[in-house]
Amino acid sequence: MPTPSPSALPIRRLTLRDHTACADLSQDRGWPREEHKWAFLLTAGTGYGIDDPDGGLVAACVVTEYGPQDRPDLGAIGMVLVAERHARRGVGRRLMRHIVSTMGTTPLTLHATPNGRPLYEELGFKVTGRAEMLRGPFMSEETDPAIATRAATADDLTTLLRLDEEVFGADRTHIITRLPAFADQLRVAEENGRIIGYAAAWPNMDTHVVGPLIARDTPTAKALITSLAAHTDRPLRTDIDVRHEELLAWAKERGLASQGFNAVMTYGIAELPGDWSRRFAPLTVAAG
């Protein structure tokens, strides 16, 4: 019997059991496998995929919702992938249309690569910002940062949730409470006993990804990155909002090199909620 066209195959919800197949799909497209990240996203968000009758997945993506469960404030779309053997056949467009339809009136956001941007624009997404990916070994400064940092504790969680919602613009409790298990480091910045920022570093292949990075100001963001780098021997990777020009210049001086840009796009809202001036880097571009 002939193999059914991908356009006729059903779209289904993915579960944690699919994370290996999702990693295989990443590898098929030349991306890192990122099994640790896939498992996190499929647990914290909702995966959508199309099964290949010959085995594996034709396509996959994940939507992470924020705010009330019955009426989310925002949905972040990420990890949109189509197997190479099924590329350029409208599969990605069909999957994205399904997601937009399923999400209804919920505002959406995503980080688009240059290759993916035309499809998202066709579907009605608008470019509202840019993020620059940096990667490399971090070279510490000779002087210690003036802002104190320390490892986060369980007692900090309530404060972190409150700060995160204020800056991000939506409740991310289901994400932030998973950070201690997902990340290798979770650190806070303090001033006079008050938390003024926090950041995590989580393992991704041979790097540690810095994200989320939320800070009162640029010096606080620098102190958090420096403190995370001091506790790892891996290269760092992060995606910084291009409006934070001072932090980007500083990070490049410290050894992190530009790896390219992604367009931050939204659907159903003119711009992202929250306070961009204190939101320096997302947890991951796949989840906002």
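These legends walk through several close-up views of one predicted protein model.

Residues are numbered from 1 along each chain as its sequence is written, and side-chain values use heavy atoms, with hydrogens and water left out. Because this is a predicted model, local features need pLDDT of at least 70 and side-chain atom pairs count only at pLDDT 80 or more, while totals for chains, interfaces and linings use all residues.

**Figure 1. The whole protein, before we zoom in.**
Along the principal axes, the C-alpha atoms fill a box of roughly 70 × 35 × 30 Å. Of the 288 residues, 51% count as buried; buried means under 20% relative accessible area, exposed means over 50%, and partly exposed lies in between (1.4 Å probe, protein chains only). Among contacts between residues at least 6 apart in sequence, 72% join residues at least 24 apart, where contact means heavy atoms within 4.5 Å.

**Figure 2. The salt bridge between Glu 132 and Lys 252.**
A salt bridge is a side-chain nitrogen of Lys or Arg within 4 Å of a carboxyl oxygen of Asp or Glu, and by this rule the count comes to 23. In this view, the closest N and O atoms of Glu 132 and Lys 252 are 3.0 Å apart. Glu 132 lies in strand E6 (residues 126-136) and Lys 252 in helix H9 (residues 245-253), so the pair ties together parts that are 120 residues apart in sequence. Are the two partners buried or exposed? Glu 132 is buried, with a relative accessible area of 5%, whereas Lys 252 is partly exposed at 38%.

**Figure 3. Arg 254 and its partner Glu 141.**
Which residue does Arg 254 meet in a salt bridge? The partner is Glu 141, at 3.9 Å from N to O. This pair links distant parts of the chain, 113 residues apart: Arg 254 sits in the loop between H9 and strand E12 (257-267), and Glu 141 in the loop between E6 and strand E7 (148-151). Arg 254 is buried at 15% relative accessibility, while Glu 141 is partly exposed at 36%. Apart from neighbours within four places in sequence, Arg 254 is in contact with Pro 137, Phe 138, Met 139, Ser 140 and Glu 141.

**Figure 4. Asp 24 reaching Arg 33.**
Here is another salt bridge, with the closest N and O atoms of Asp 24 and Arg 33 being 2.8 Å apart. Asp 24 is partly exposed, and its relative accessible area is 40%.

**Figure 5. Val 242 in its loop.**
Val 242 has its place in the loop between strand E11 (236-241) and H9. Its C-alpha atom is separated by 7.9 Å from that of Gly 129, although the two residues are 113 residues apart along the chain. Not counting residues up to four places away in sequence, Val 242 touches Arg 130, Ala 131, Glu 132, Leu 248 and Phe 261.

**Figure 6. Thr 218 in helix H8.**
Thr 218 is found in helix H8 (residues 218-229). With a relative accessible area of 14%, Thr 218 is buried. Leaving aside its neighbours within four places in sequence, its contacts are Glu 246, Leu 247 and Phe 280.

**Figure 7. Backbone features to look for.**
Most residues other than glycine have a negative phi, and most peptide bonds are trans. Where can you find a cis peptide bond? One joins Gly 211 and Pro 212, with omega at about 0 degrees, and Pro 212 is found in strand E10 (residues 207-215). Arg 88, which is not a glycine, has a positive phi of about 60 degrees. Arg 88 lies in the loop between strand E4 (74-82) and helix H3 (91-103) and counts as exposed at 69% relative accessibility. Asn 192 also has a positive phi, near 50 degrees. The place of Asn 192 is the loop between strand E8 (185-191) and strand E9 (194-204), where Asn 192 is exposed with a relative accessible area of 80%.

Technical notes: Helix = DSSP H or I, 4+ residues; strand = E, 2+ residues; numbered from the N terminus.
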